[in-house]
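Q: Hi! Could you walk me through this one while I have it open?

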Amino acid sequence: MDSDEGNAQRVPLSQRPDWSDVTPVPQDDGPNPVVPIAYKEDFVETMNYFRAVYLADERSPRALWLTAEAIRLNAGNYTVWHFRRLILEALDGDLHDELGFTENIAKSNSKNYQIWHHRRWVAEKLGTDATSKELEFTKKILTLDAKNYHAWSHRQWVLQALGGWDDELQYCWQLLEEDIFNNSAWNQRYFVITTSPLLVGLEAMRDSEVSYSVEAIVAHPENESPWRYLRGLYKGDIESWVKNPQVSSVCLKVLSAKNNSSIFALSTLLDLLCHGFQPSQELRDVVEALKASGPNDQPDPDLAKTVCCILEGVDPMRANYWKWRKSKLMSLL
Amino acid sequence: MGELAAKKHVQYILSVEKRKDDLVSVVMEHLRMNGAYWGLTTLDLLGKLDNVDVDKVVSWVMECQHESGGFGGNIGHDPHILYTLSAVQILALFDKLNVLDVDKVTNYIAGLQNEDGSFSGDMWGEVDTRFSYISLCCLSILRRLNKINAEKAVNYIVSCKNLDGGFGSTPGGESHAGQIFCCVGALALTGSLHHIDKDLLGWWLCERQVKSGGLNGRPEKLPDVCYSWWVLSSLIMIDRVHWINKEKLVQYILDCQDTENGGISDRPDDAVDVYHTYFGVAGLSLLEYPGLKAIDPAYALPVDVVNRIFFGK
Ligand SMILES: [Zn+2]
């Protein structure tokens, strides 16, 4: 936390005339605390005064200021945030200023639940006045940490509650340009194509999305996100997935190239085979070549079984999973 | 292969108070109820809960209860469902659920269910599948699941299911191991595991194991001891835990111990804390590490405690 600067000039509340009428209330930790807390001085004093105004239910400008102090020292204290909202309501506080306040706090505490909850409360009150500010705000946070779960949740809420979908697919594209492994951006992309009122739905978007994910797979076959995305595009329509030649051909392409990570290609091929896909001779040959073959090794007519055996070898961490997949094949026969 | 420094961890938990100027401690004040649950459950799993003065803990817990029926994170703090579950779990550990006014607590929880079946965390209305789990777990321990609309609660969780078989915090939210634990746990507690594609989710969960043996919570993220709990417990509830490499995970958790001063950290050589100490020990318990009590993956309480609640033994 970066409160050092403020500490240097901080005048203790006990020495400030505007607080002389308040008697601080110390935290009651109960007898022999189980997980006792060692407190820092400034923090202790601020919280003692906070407890006093909180118990007196003092919804005043100075109490609002005090909650800001307390939040700066510890942004995780939900009781302080609650009380701040009560004061803001009582004083009819400026909500645009409040957005500025949360933005400052969020810069150093972007994974704190309270900040995001508070931010949503403010944005909800402002309504569509807040749309572009909120999209910009989450963008800023995501520039610092592109996988920040809170920022993504907030952004999805903004889109659904306040709108602002126009550039969202473009935004996903931009983030994936920066980091094609960003699973959060892939998730957002799926959210946009399935939820955006401006788009015409999953099925209509499918062809272009298949091409997009295939391209991403070819560039980085070890990236699990586009593989899962590709499969997700056929949610509830496995038949079309098995029939689409682009799916099997990307497997072939990945498996044909040397030095590629083959796990997701093999796993996808296995799923295809389990759903009745008929492999070409070329695909069979490529898989056969991946086998750690011994002398006199005959090609197994059951390609799915071969795929499982290869996976056990290339993905030893999950060997039991692939063994189970293999045993499931046997039971299908 | 190293061993679990059980004695050191007990000492660590009992001695957290002596460490001064610890910024983490300051930040923890408002969630002391969670801290107490983590510390006490760890002690119980290590067979050392009798080092604690039961009456003092119980009276402190009860002092944190608000007139609404919910519990705060400390004395004088506002109630929140997060601390209410920890309070109920602590009382369950000590076989002291009888001190509760069950209707009061369960009315508080039932009042947080929304029209769409989801749950808010408190009167301010933040919605998250974490709160669904917490509510259902609390109500289940107190045997009052009938107080809410369980069918709607289940439907809301199912609406948060993703293409990878996992779950997020709200519909459309990215799959995340912590949220998955909450959703799988909630479905397990309501007998609704059939809504899960177990093979698909099981594979996603076992993909979370990285080279070091540790587990991450999302693709391309770093491993962290706390995910040992979120991922493992989910895998156990859907009966797919044999898909990961247990030996390597045990080793990873043991590598995150401070063998000198006790405690477990998120990653090897990081600073220890009570939270990761709990999740490390609980993870090892799920992995049937010798000398530890077994923990229940859905209730996050020792199995003997759960048996006592439901079978009176
Ligand atoms: Zn962690």
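**Loops, salt bridges and helix packing**

A: Happy to. B:Glu288 sits in the loop between α13 (274–286) and α14 (303–311) of chain B, where helices (H or I, at least four residues) and strands (E, at least two) are DSSP runs numbered from the N terminus. This is a predicted model, so local features need pLDDT of at least 70, side-chain atom pairs count only at pLDDT 80 or more, and totals for chains, interfaces and linings use all residues. Residues are numbered from 1 along each chain as its sequence is written, chains are lettered from A and ligands numbered from 1 in the order in which they are written, and side-chain values use heavy atoms, with hydrogens and water left out.

Q: Thanks! What is the phi of B:Glu288 near?
A: Phi there is near 60°, a positive value in a residue other than glycine.

Q: And is B:Glu288 buried or exposed?
A: B:Glu288 is exposed, with a relative accessible area of 64%. The cut-offs are under 20% relative accessible area for buried, over 50% for exposed, and partly exposed in between (1.4 Å probe, protein chains only).

Q: What about A:Asp92, where does that one lie?
A: A:Asp92 is in the loop between α4 (78–91) and α5 (95–108) of chain A. Its phi is near 55°, again a positive value in a residue other than glycine, and at 69% relative accessibility A:Asp92 counts as exposed.

Q: Which residue does A:Arg231 pair with?
A: A:Arg231 forms a salt bridge with A:Asp271, at 3.4 Å from N to O. A:Arg231 belongs to helix α12 (residues 224–232) of chain A and A:Asp271 to helix α15 (residues 263–274) of chain A, so the pair ties together parts that are 40 residues apart in sequence.

Q: Are those two buried or exposed?
A: A:Arg231 is partly exposed at 27% relative accessibility, while A:Asp271 counts as buried at 15%.

Q: Which partner does A:Lys291 have?
A: A:Lys291 meets A:Glu288 in a salt bridge of 2.6 Å, N to O. A:Lys291 counts as buried, at 17% relative accessibility.

Q: And over in chain B, what does B:Arg144 bridge to?
A: B:Arg144 bridges to B:Asp103, with the closest N and O atoms 3.7 Å apart. B:Arg144 is in the loop between α7 (129–141) and α8 (150–158) of chain B and B:Asp103 is in helix α6 (residues 102–110) of chain B, so this pair links parts that are 41 residues apart in sequence. B:Arg144 is partly exposed at 27%, and B:Asp103 is partly exposed at 38%.

Q: Which residues do shared partners join into one network?
A: Salt bridges that share partners join A:Asp21, A:Glu58 and A:Arg62 into one network.

Q: Now helices. At what angle do α6 and α8 of chain A pack?
A: Helix α6 (residues 113–126) and helix α8 (residues 149–162) of chain A pack at about 15°, with their axes 10 Å apart. Axes are lines fitted to C-alpha atoms, for helices over the stretch in contact, and angles run from 0 to 180 degrees between N-to-C directions.

Q: Who makes that contact?
A: On the α6(A) side, the residues include A:Trp116 and A:Ala123, and on the α8(A) side, A:His154 and A:Trp157 are among them. Contact means heavy atoms within 4.5 Å. By class, there are 6 nonpolar, 3 polar and 3 charged residues. Ala, Val, Leu, Ile, Met, Phe, Trp, Tyr, Cys and Pro count as nonpolar, Asp, Glu, Lys and Arg as charged, and the others, Gly among them, as polar.

Q: What does A:His117 touch?
A: A:His117, in helix α6 of chain A, touches A:Arg85, B:Asp122, B:Trp124, B:Gly125 and B:Glu126, not counting residues up to four places away in sequence. At 8% relative accessibility, A:His117 counts as buried.

Q: Last one: how do α9 and α10 of chain B pack?
A: Helix α9 (residues 177–189) and helix α10 (residues 198–206) of chain B pack at about 145°, with axes 12 Å apart. B:Ala177, B:Ile180 and B:Val184 in α9(B) meet B:Leu201, B:Trp204 and B:Leu205 in α10(B). That contact has 6 nonpolar residues, no polar and no charged.

Terms used:
Salt bridge = Lys/Arg side-chain N within 4 Å of Asp/Glu carboxyl O.
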